[in-house]
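Visitor: I would like to go through this model with you. Could we begin with how its parts meet?

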Amino acid sequence: MSKFWSKRTHELDPYTPGEQPQNQQYIKLNTNENPYPPSPKAIDAMRAAADEDMRLYPDPMAKSLKQAVADFYDLDVSEVFVGNSSDEVLAHTFVALLKKDKPLFFPDISYGFYPAYCGLFNIETTRIPLADDFTINPQDYAADNGGIIFPNPNAPSGIALSLADIEKILMANQDVVVVIDEAYIDFGGETAVPLINKYPNLLITQTFSKSRSLAGLRVGFAMGQADLINGLERVKNSFNSYPLDRAAIAGATASIKDKVYFDETCQKIINTRDKVSKALEQMDFSVLPSQANFVFAKPNKADAEKLYLDLKAAGVLVRYFNSPRIAGYLRITIGTDADMDVFLEKLAMLT
Ligand SMILES: *Cc1c(COP(=O)(O)O)cnc(C)c1O
């Protein structure tokens, strides 16, 4: 408590990020970082950007990056918004498009930042329970609301929703914005980008943090029809006109242009994920079908929280959420094959 804080600050319930230990060496399988380095071309571009021009402000519109994203997805540059992480892009989205007189709908189990933003921006919410198998039922979203947001694939379940089901939600909600948070889409899900032409109420967000190995750079983007993008620009230009620095624009642009490296690293993670899922099942875990760079798994004969603590003591960090419905599960980020071998070895000793 502080007499200097505003009432809103007292009332906030901030998001808790996964642990980022700064000294001890862990095998880090807790925050869905990519185990492979960024594209060497991205690193070269960032090094080259660290020159005398740093005295100058960057391009406030980050046009080169927007164009590279537009080229990658075959969109017009007016259909792309970029920001300093997809969390920031989401924050602008909540203010620009989701703060309405009716409640925002999102799944009861999904990304922890959504309720944090609703608290910060004073947005009313309705949490829609996932089915018992942790899937989204499109019919549950056909009710009066002020907007809809969910990750696809969902987090922390890793379960993807089909484009047919996404279209059902878009069709039933033509007067509000439906935001699909595609933070994990590159690990096997099907992007909704081809639906943008057809649905003026569709906004898609993505990040360079997961599939492009650039969590440290903080770059995210949104795609939708120009009308939605213009709304985001208005909010962004009322908050920070230069969210992306010169190095970030250069690195992210080079990264998205290097499709060969991207495809290769995504495929390696997919292969490792499928191997780890099978191994976990053989060790008597229930593993949800994942299209992400993590698996959500429940030890059938052990206590998940104890296992999380024991793994940590053994030098392997995974994520445990002490919340209703998922307290029996661990979220395990997919690392390299070597990381996962160590993880499975430690697990075998502990269970
Ligand atoms: C990681 C993640 C983000 C945030 O990505 P950043 O660009 O690093 O802020 C957004 N949504 C979901 C569902 C995520 O898991």
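Visitor: Which residue forms a salt bridge with Arg325?
Guide: Asp108 does, with the closest N and O atoms 2.8 Å apart. A salt bridge here is a side-chain nitrogen of Lys or Arg within 4 Å of a carboxyl oxygen of Asp or Glu. This is a predicted model, in which local features need pLDDT of at least 70 and side-chain atom pairs count only at pLDDT 80 or more, while totals for chains, interfaces and linings use all residues. Residues are numbered from 1 along each chain as its sequence is written, and side-chain values use heavy atoms, with hydrogens and water left out.

Visitor: How is the chain divided into domains?
Guide: Domain 1 covers 7-37 + 260-350 and domain 2 covers 40-258, with bounds from an automatic or database domain assignment. Their centres, taken over C-alpha atoms, are 24 Å apart. Domain 1 gives 30 residues to the contact and domain 2 gives 36, where contact means heavy atoms within 4.5 Å.

Visitor: How many salt bridges are counted between the two domains?
Guide: The count between domain 1 and domain 2 is one. There are also 13 residue pairs in polar contact across the interface, both residues being at pLDDT 80 or more. A polar contact is a pair of N or O atoms within 3.5 Å; within protein, one must be able to donate a hydrogen and the other to accept it, and residues adjacent in sequence count only if both atoms are side-chain atoms.

Visitor: Which elements give two or more residues to the domain 1 side?
Guide: They are helix H9 (259-282) and strand E10 (294-299). The largest share, seven residues, comes from H9. Helices (H or I, at least four residues) and strands (E, at least two) are DSSP runs, numbered from the N terminus.

Visitor: And what area do the domains bury between them?
Guide: About 2,600 Å², 63% of it on carbon and sulfur atoms. Buried area is the accessible area (1.4 Å probe) that two parts lose on being put together, summed over both. In domain 1, Tyr15, Phe262 and Arg325 lose the most area to domain 2, together 27% of what that side buries.

Visitor: A change of topic: is Thr205 buried or exposed?
Guide: Thr205 counts as buried because its relative accessibility is 0%; buried means under 20% relative accessible area (1.4 Å probe, protein chains only). Thr205 lies in strand E7 (residues 202-207). Not counting residues up to four places away in sequence, Thr205 touches residues including Val89, Ile180 and Phe221.

Conventions
Buried means under 20% relative accessible area, exposed over 50%, partly exposed in between (1.4 Å probe, protein chains only).
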